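Take a slow look at the chain below.

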Amino acid sequence: MTLFLFITLFFLGLLVGFINLVSAGGSLITLPTLIFLGLPPTVANGTNRIGILIQNFLGMYQFHKKGLINWKLNFILAVPAVIGSIFGAQYAIELSDDAFNNILAIVMIVLLILIFLKPQQYIKIDKTSWLVKNKLPILIIVFIFIGFYGGFIQAGVGFLIIIFLTLLDKDMLLVEMHSVKTVVVTIYLLISTFVFIYNGQINWSYALVLALGSGVGGWIGGRFAVQVSEKLLRIVLVVMVIVLTLYLIFIK
């Protein structure tokens with residue numbers, strides 16, 4: 001590995017590690033960038049997960065120190081997410097490279113639309129509604145599908161978690177939603193990543209450098225999650241994702 005590639009991967013990890021802990025969607029940058037750097041899509045998909053795990057462990061520690069983690073709720077939601085993620089990871093392994101690139105490009109476009117529109121702002125669910133009264137069983141079902149998506153492609157899963165938590169739990173603060181996202185993603189990734197390891201779909205030199213940067217970024221993000229402008233991070237994320245989506249569609 002060249003020095004330039006080492007520095008590129010480290011600072012890429014630093015940026016997305018910070019974004020993932022303060023907001024969400026860092027994998028929308030790392031996954032296509034790893035493909036751009038020459039990794040096969042399935043290997044890029046597996047490699048990306050090592051950094052996410054490291055940054056989430058460090059970020060989870062920061063959230064725990066601040067007393068922002070509801071462990072009971074997190075484990076209840078993590079169980080269905082783990083089940084879904086195992087099937088999602090296996091599906092990702094079996095998919096062809098071209099099919100994965102096409103799906104990733106579509107997913108990135110859809111998530112950009114969600115970032116801009118923030119649909120949870122326009123869907124009003126009364127606290128007395130059936131959905132809110134039965135939010136826990138509904139969230140358990142939702143997290144099976146979130147786990148499948150996370151095991152399959154991972155990119156942008158944090159946005160989906162925050163959207164559903166916003167809709168069904170009106171009393172939860174945004175920083176608490178980020179803590180749920182961090183803990184649940186850590187748990188299901190810890191299990192589903194072994195599917196990629198078992199099938200030899202991880203480039204460990206890329207993964208370790210990316211993980212080093214992601215760990216530092218996640219630690220910083222966990223410390224300053226309440227103070228950073230999420231709007232500014234969204235602008236940075238949107239610009240980078242647009243460029244990488246165009247690459248996947250027109251160049252790769």
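What percentage of the 252 residues in the protein chain is buried? The answer is 56%. Keep in mind that this is a predicted model.

Start with the overall build. The protein chain has 11 helices and zero strands. Along the sequence, the pattern is α-α-α-α-α-α-α-α-α-α-α. Now consider contacts between residues at least 6 apart in sequence. Of these, 85% join residues at least 24 apart.

Helix α9 covers residues 174-198, which is 25 residues. How far apart should its ends be? At 1.5 Å a residue, α9 should span 36 Å. After α9 comes Gly200, with a positive phi near 65°.

Now look for empty space inside. Rolling a probe the size of a water molecule over the atoms shows where such space is left. In the whole structure, a search finds two cavities of 30 Å³ or more. The second largest cavity has a volume of about 30 Å³. It is lined by 10 residues, and the closest to its centre are Val16, Thr30, Asn48, Ile52 and Gln55. The elements giving two or more residues to this lining are α1 (3-22), α2 (27-36), α3 (41-65) and α10 (204-223).

Which helix gives the largest share of the lining of the second largest cavity? That is α3, with four residues. By type, the lining of the second largest cavity has three nonpolar residues, seven polar and no charged.

Conventions:
Residues numbered from 1 in each chain as written. Predicted model: local features only at pLDDT ≥ 70, side-chain atom pairs only at ≥ 80, totals over all residues. Heavy atoms only, no water. Expected span 1.5 Å × (residues − 1). 1 Å grid on protein atoms, 1.4 Å probe; cavity = no way out; pocket = protein on both sides within 12 Å on 5 of 7 lines; lining within 4 Å. Points joined across faces, edges and corners; volume = space filled by probe spheres on them. Nonpolar A, V, L, I, M, F, W, Y, C, P; charged D, E, K, R; others polar. Buried < 20%, exposed > 50% of the residue type's maximum accessible area, 1.4 Å probe, protein only. Contact = heavy atoms within 4.5 Å.
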